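The following questions and answers concern the structure shown below.

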Amino acid sequence: MTMRLAAGLLALGMGCVCARAEDVIPPMEDKVPPVEDAIPPPVKALGAPAEMRFPGGLQIAVTTTSAEAQKHVNQGLNHLHGGWEFEAARHFGAAMKLDPNCLLAHWGMAMATLTPSPETSEARTAASVRMLELLDQGQGTDLERGYVYGLIKYIEGGPKEAANAFHKVAKQFPNDLQSPVFAALFGRGGYDPSGAPTPDEERAHAELEELVKRFPDSPIPLNALLFVRAEAPDLTKDLPLARKLCRMAPEYPPYFHLLGHYEWRCGDHGEAITAFGRAASFYQNWMKENKVGVADCPEWIKAECYRIVALGSKGDFDTAYAASRQLASTPVPEDRPSSPGARLLLWDAKTLPARILLNRGLTGNAAEAAASLPSPEEIKKFHKHSLAYWWIDGLRFCLDARKQIDNGDLDEARNVVAALTQHGETMVKTRPQAVAGGEGSPWLRSFRALEVLASDLRGLIAMKGPKETRDTAFNWFSSAADRQRPEPMMFPPMVLTPMAVRLGNYHLAKGEPKEALEDFNRALATFPNEIRSLVGKQQACEALGDTAGVEDTAARISRLRGD
């Protein structure tokens, strides 16, 4: 299982990404599709992929008649473990062309395209049918057939059954690295709402830690371990491992994205900006060399979004906003509106300028943010291809409410928040469609963000209202802060404001600096070294007469700003 799929399962409450097993591997027909049908059209449109260096990576003996196919399968496997599914699919496709009877190439293609997508669903089905036919013919070694068995158990019974299957394969082949990595990824359980790992998650971590010890020179188990820990509340102790991973493969962009995530979550925003910048640069070079557009490189969009968020966290709002406007101006490829890149542009990049202004929160920012969103007319042509318009329209409600609050029209602000609530109730009904269409993860991230913003808006309205209603703001801000959690799959946050900052400002306004200090520390635990959280903490320390706390916080602010 690819790690993106593993995270997607957890983000969807461990629900199967595919609605039905037959959507992935339908009943066998008399006619086996030709190998060309098993390769996605975007992959077929490109030339053969170049070979990358993977020091310490996977090198598996592949059952094939072609030495070149052997190389392509191993390249595909390493990309699969790195989370770069498109490049993995290119290598598996090249291997399938060279040897149409290569079982592992077909298995790899099925794995690389397992997440639902309108552009790959037919190829995934064809690859799966051909894989089962090759299995029936007795193709492949016992180890290769074991990998296929693990995939089949996933489709039949879900991730736990797959974990059990891969554990059996690992036991039968104790020197194999891939099967125990899959067993851990399939078997993980995620984190509970408090951020604590579930027992299954702890077990997966322990298994991967053991693999890191057994294979110290391989990036495969280390990357898997860092991936599953990426949503933990505190990443500080693992940051040196993320840096080590990039030293092991100093030109591999997915690893630098992972490093950027760890640097940002540890509050090292300057280092995060550098890491995301390197990832984005590597992806840009790859696109140029392979004549690939953004439709097939959502990873570049993701890295750029995160780099821009890190700029804002550092306090460089002007640079972040300018960069976000430039990224948002990237045209959505209208010839491929259902592509991964087109969808990520709509969900994340096109909304980033508005979210940065919403975070800044100055008077007039809400109106400017609303103007920066794609208009309803602009996004209407994409309605059939993406559900991102539900997120964009939800943000439009949020910004309208903020504008009314800024203007002092609290009654109209309440009306807009009520409309936002109705919008959310209707949006819930689209979740099955999002999951089936491969947009389950951005849908869930966006829906949760709208929940956070709705609570925040109600708190802001209460703070601006009559004195007797202001205490209710505490409950609304608490609700917003409780709903805010780390994003899955190493995405930047949808809501860029640490909601615990609202609580801190609430307590400062009430003359309760001790409680405010607790809130700002809570904000810094979620968004380490976020500039406004530090400024709020400094104010709380001043109110408490905590000279040491003021000086320490001032020093952190100075380092963050590069003074």
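**Residues, a helix and a pocket**

Q: Is Met-490 buried or exposed?
A: In this predicted model, Met-490 has a relative accessibility of 9%. Buried means under 20% relative accessible area. Met-490 therefore counts as buried.

Q: Where is Met-490 found, and what is its phi near?
A: Met-490 is found in the loop between H26 and H27. Its phi is positive, in a residue other than glycine. The value is near 55°.

Q: Is Lys-291 buried or exposed?
A: Lys-291 has its place in the loop between helix H15 (269-290) and H16. It has a positive phi of about 55° although it is not a glycine. The relative accessible area of Lys-291 is 73%, and the cut-off for an exposed residue is over 50%. Lys-291 is therefore exposed.

Q: Which residues does His-91 touch, not counting residues up to four places away in sequence?
A: His-91 has its place in helix H5 (residues 85-98) and is buried, with a relative accessible area of 1%. The C-alpha atoms of His-91 and Ala-50 are separated by 8.7 Å, although the two residues are 41 apart along the chain. Not counting residues up to four places away in sequence, His-91 touches Pro-49, Ala-50, His-72, Gln-75, Gly-76 and His-79.

Q: How does Arg-243 count in terms of relative accessibility?
A: Arg-243 is found in helix H13 (residues 239-248). Beyond four places away in sequence, it touches Leu-259, Glu-263 and Asp-268. The relative accessibility of Arg-243 is 33%, which lies between the cut-offs of 20% and 50%. Arg-243 therefore counts as partly exposed.

Q: What separates the C-alpha atoms of Arg-243 and Tyr-255?
A: Arg-243 and Tyr-255 are twelve residues apart along the chain. The separation of their C-alpha atoms is 9.0 Å.

Q: Why is helix H18 (residues 340-349) largely enclosed by the rest of the structure, and what does its cover include?
A: Nine of the ten residues of H18 are buried, so the helix is largely enclosed by the rest of the structure. Among these buried residues are Arg-343, Trp-347 and Asp-348. What covers the buried residues of H18 includes helix H16 (298-313), helix H17 (317-328), helix H19 (352-360), helix H22 (388-406) and H25.

Q: Which element gives the largest share of the lining of the largest pocket?
A: The largest pocket holds about 990 Å³ of space. The elements that give two or more residues to its lining include helix H1 (3-11), helix H14 (253-265) and helix H25 (440-464). The largest share, five residues, comes from H25.

Q: Which residues lie nearest the centre of the largest pocket?
A: The lining of the largest pocket has 25 nonpolar, nine polar and eleven charged residues. Of the 45 lining residues, those nearest the centre are Glu-231, Gln-484, Arg-485, Pro-486 and Glu-487.

Q: What is the radius of gyration of the protein chain?
A: The protein chain has 30 helices and zero strands. For its 563 residues the globule rule gives 24 Å, and the chain comes close to that value, so it is as compact as a globular protein of that length. The radius of gyration of the protein chain is 24 Å.

Q: What percentage of the residues of the protein chain count as buried?
A: Residues 24 or more positions apart account for 65% of the contacts with a separation of 6 or more. The accessible surface comes to about 22,600 Å². Of the 563 residues of the protein chain, the share that count as buried is 60%.

Conventions:
Residues numbered from 1 in each chain as written. Predicted model: local features only at pLDDT ≥ 70, side-chain atom pairs only at ≥ 80, totals over all residues. Heavy atoms only, no water. 1 Å grid on protein atoms, 1.4 Å probe; cavity = no way out; pocket = protein on both sides within 12 Å on 5 of 7 lines; lining within 4 Å. Points joined across faces, edges and corners; volume = space filled by probe spheres on them. Helix = DSSP H or I, 4+ residues; strand = E, 2+ residues; numbered from the N terminus. Nonpolar A, V, L, I, M, F, W, Y, C, P; charged D, E, K, R; others polar. Rg over C-alpha atoms; globule rule 2.2 N^0.38 Å. Buried < 20%, exposed > 50% of the residue type's maximum accessible area, 1.4 Å probe, protein only. Contact = heavy atoms within 4.5 Å. Areas by Shrake-Rupley, 256 points an atom, 1.4 Å probe, with all protein chains shown as cover.
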